[in-house]
Structures are given as C-alpha cells and as structure tokens.
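Welcome! Please take a moment to look over the sequence and the 3D view before reading on.

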Amino acid sequence: MRNRLLNVAVVLIALLASAGAAFPQTYGTSGYAPGAWKPEELPKELSRPKPFNAHDLSGVWSSPTRAGYFERHSLNDKWIDTKDRKVPPQMRSDASPPPMTDWGKAKFEANKVSYGPRAVEPELNNDPVSQCEPLGYPRDLWEANLRPFEFIQTPDRILQHMQYHDVWRTIWTDARALPKDPDPAWYGYAVGHWDGDTFVVESIGYDDRTWIDHFGNPHSDQMRLVERYQRVDKDTLKLDMTLTDPKTYTKPWVAETITFVSAKAAIFEEICSPSEEHRFNDKIRDTPAKESKR
Amino acid sequence: MRLPLAASLVFTVACLIASVPVAAHHGTGVAYQPDKMITLKGTVTEWIWSNPHCGLLFDVTDDQGNVEHWGAELGNPHLLSAAGFSKDVLKPGDKITVTGHPSKSGAPRLEFNQVMLSDGRKLTTKGFKGNGEQADTDYEGR
C-alpha cells in the first residue's frame, strides 16, 4: 500500500513538473525587454509558473495581435468594409458612440483626427497626442495593441502602469469612496473593490481636454467610468466598461467586452518626449512644407 | 521608381499656399499609400533614435547628380530593438537600400518597411509589435 502511494506521488510530481515546462509564462512576463535585458540574461526562475489566482491581476497585458485581428481603439470599433486598398488601415475603422448632446457634437466636430472616416493629413489634426499632451483615460488603454499596461497590486491600491507616456494610474482599494468634488485630473480618480472574481473600478474627475479615442470622441468633466475586470485564466483578462457622461452623450456607452492577453516582454519606458517628437516632426513629417524654404 | 523632384516641389509650394501646418501629428497611415511600395538606394545623413518615433534621413542621387533628401518614418525604439535595430545600427555615410510606402503627396517621405545595410544585412519592422513582441508576419510594425 505504501509503495502504491509512493508511486502515485511520483507520478503527480512528474505531471506537475511537466506542466511547469509546458507553461513557462504564467504571470505576464519573464522580464525581458528589447533594448535592455535579453531573455538569456535573466534568472530562469522568472519564467517559472505561479499558481493561478483569479484575485491577482498582476502582470503585463496587451491586445492580442494575430492575422486579421481587429485592433481595439475605443469602447467599441466598427469595421468599415472597404475593398479599396488605397484606403489606409487607419481609416478603416470607427467607433459607435451613443447619440451626442449638442455640447458633445460641437466638441466632436472641433476635434480634427487622423484616423477613421474623418481622417485628415497629419499636418492638419489637432490631436493632443501629437504634442505629447496627456492621453488621459480610457484612451491610454487602447494603446495596448501596441503598448501594454501592467497591474501591480499592493495592500491598499492597485496600480495600473501604462507603457505609453509611462503613466501610473492609482486605483484605491482601501474602502474609501470616490471624492465628492475633485479637481479635474488627466487620469481621473479611481476606487476599486472585488465583486466575487470581478475587480470593479469606478472613476470620475476627468479633465475634459483629453479625447476618449483617436477618432476624436469627446467627454466632459462629468464622465464616469465603471470597469469590470476578470482574470479568466492565467493568460486572459476580460474587461467590461460602461461610460456615462450626460453632458456629452444622451445615454451610457456600454463597451463590447475587451480581451487582453498576457505579454512576455516587460513594460519599458516610453515617455512621449515633446522635444524628440518635435524633432521627428520637424525632420520627417513636416518636411514637405519645410523643404521648399531651402 | 523615384518620384520626380519637380513633383515634390509642386506639392510643397501647394502646401504652403493651402495650409498653415500645425506642429506634430499622429496618424501616419493617412499620409502614405498602403498599396504601393518603392525601393531607394541612398546614403544615410541622420538616424533619429527617439520616442515615440524613430526616423531615417538619407540622400538619393540620380544619374545627373541631383540629390534629393529623403526620410522614412519608423516605430518606437522598443519595437526596433526587438527587430534587430539599435541606436547606432546606422550612421551618416552608410550606403543603404530602403523599402517603404511612398507618401500620397509625392513628398520624399516613406512609411518604412525594410532597410538593407551596407553589409548586406536586411532589417524589417514587419512582424513586430510596439511592445517588442513578435506578431504575425503580415502585421506591419508601427
């Protein structure tokens, strides 16, 4: 009997060991970073799996990229069906917000974009990101198709570290309520709590100078977001978001469920440097107008 | 394959008349022709390694000795590092062959696709995401 138990134990240990080898990436990242640490420069333990815990959102998250995948650029995206190859990819999608108020419409019309059906030449847009101005939230989240974000959990808050612009969004989990009348902030004010296996984030207090997305959809300082995150398995994070902003939209904007997958590379510093961006624009993007002056 | 110098001059003059450009822009794709690709041989004049975009400036000389100043837009340094680039992979004077999508306007600018270095090595951003991870091969890194 004892031998039999021993055999079972050996088999179990072997199974666990092989499972570990089959899933070298468990919690987001092995820490390598192109341009800095190569995978072979890091301790092997970093890529060992950790036990799955639905209440641990930590890790680096990115939009999946695969052939034909429709990248998410807003709460929802609508594919503009065109077979015209001359229509560049940036113009082949659009968001479908709820009907806007007159205030919202005026703000939307004033936003000149270089994506979607209203796209103008980059020289003519007034997109805040073109000046390395803050992206704000939720717009920074849509960058996850190129630039991931990570969650870092501490006893009293969850930090959402956005690669693009290197922003740290604080989600307080110490049972405080949202502030009653906060000064506007680029990334707002957020509190979170667990509802079963779902992490619910409520936020307000957003500065109305940011756009919701690169299609130029606006928001006011009355915007309120409710985000519901669920780690459904070790490599998948689901997000349901509802945006309510009665000054801008006539009804809540309920997002289609957004999926993020764990990324292998670590977050790296991607600060949008105004001087570097101006140099790039000056030397590359603005050149047609400049060259004639030579 | 090279766009005529005169065409870009016409465009730049038209640009000056028609608009007062505001500084800085995103939405590169709208300015280039995704269905066209051109290849140019030239000499590096400047390699811009910066966030959030990198750039390559190079001179192209035609049979008559006329020099045209070209430039190419590339993605962020993280993506480029993953794709084998580095801050010193290119330097002024290097002979290169560059492939990319030409601008709609006819201005001597490209949306970068590939470069062949003077040692014959080819580097492309195709297939890399902005977070430095490899994507599917048909994904145009940006």
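## A loop to start with

Where is the place of A:His165 in chain A? In this predicted model, A:His165 sits in the loop that runs between strand 5 (157-162) and strand 6 (167-172) of chain A. Its phi is near 75°, a positive value in a residue other than glycine.

Is A:His165 buried or exposed? A:His165 counts as buried because it has 21 C-beta neighbours inside 10 Å, and the cut-off for buried is 20 or more.

A:Asp166 is also found in the loop between strand 5 and strand 6 of chain A. A:Asp166 is not a glycine, yet its phi is positive, at about 50°. With 15 other C-beta atoms within 10 Å, A:Asp166 is partly exposed.

## Two cis peptide bonds

Now for the prolines. In chain A, a cis peptide bond joins A:Tyr137 and A:Pro138, with omega about 10°. You can find A:Pro138 in the loop between helix 2 (102-110) and helix 3 (139-142) of chain A.

Chain B has a cis bond to look at too: the peptide bond from B:Asn51 to B:Pro52, where omega is near 0°. B:Pro52 belongs to the loop between strand 1 (38-48) and strand 2 (54-61) of chain B.

## Chain A as a whole

Stepping back, chain A has 5 helices and 12 strands. Of its 294 residues, 40% are buried.

Key
Residues numbered from 1 in each chain as written. Chains lettered and ligands numbered in written order. Predicted model: local features only at pLDDT ≥ 70, side-chain atom pairs only at ≥ 80, totals over all residues. Helix = DSSP H or I, 4+ residues; strand = E, 2+ residues; numbered from the N terminus. Buried ≥ 20, exposed ≤ 12 C-beta atoms within 10 Å, placed from the backbone.
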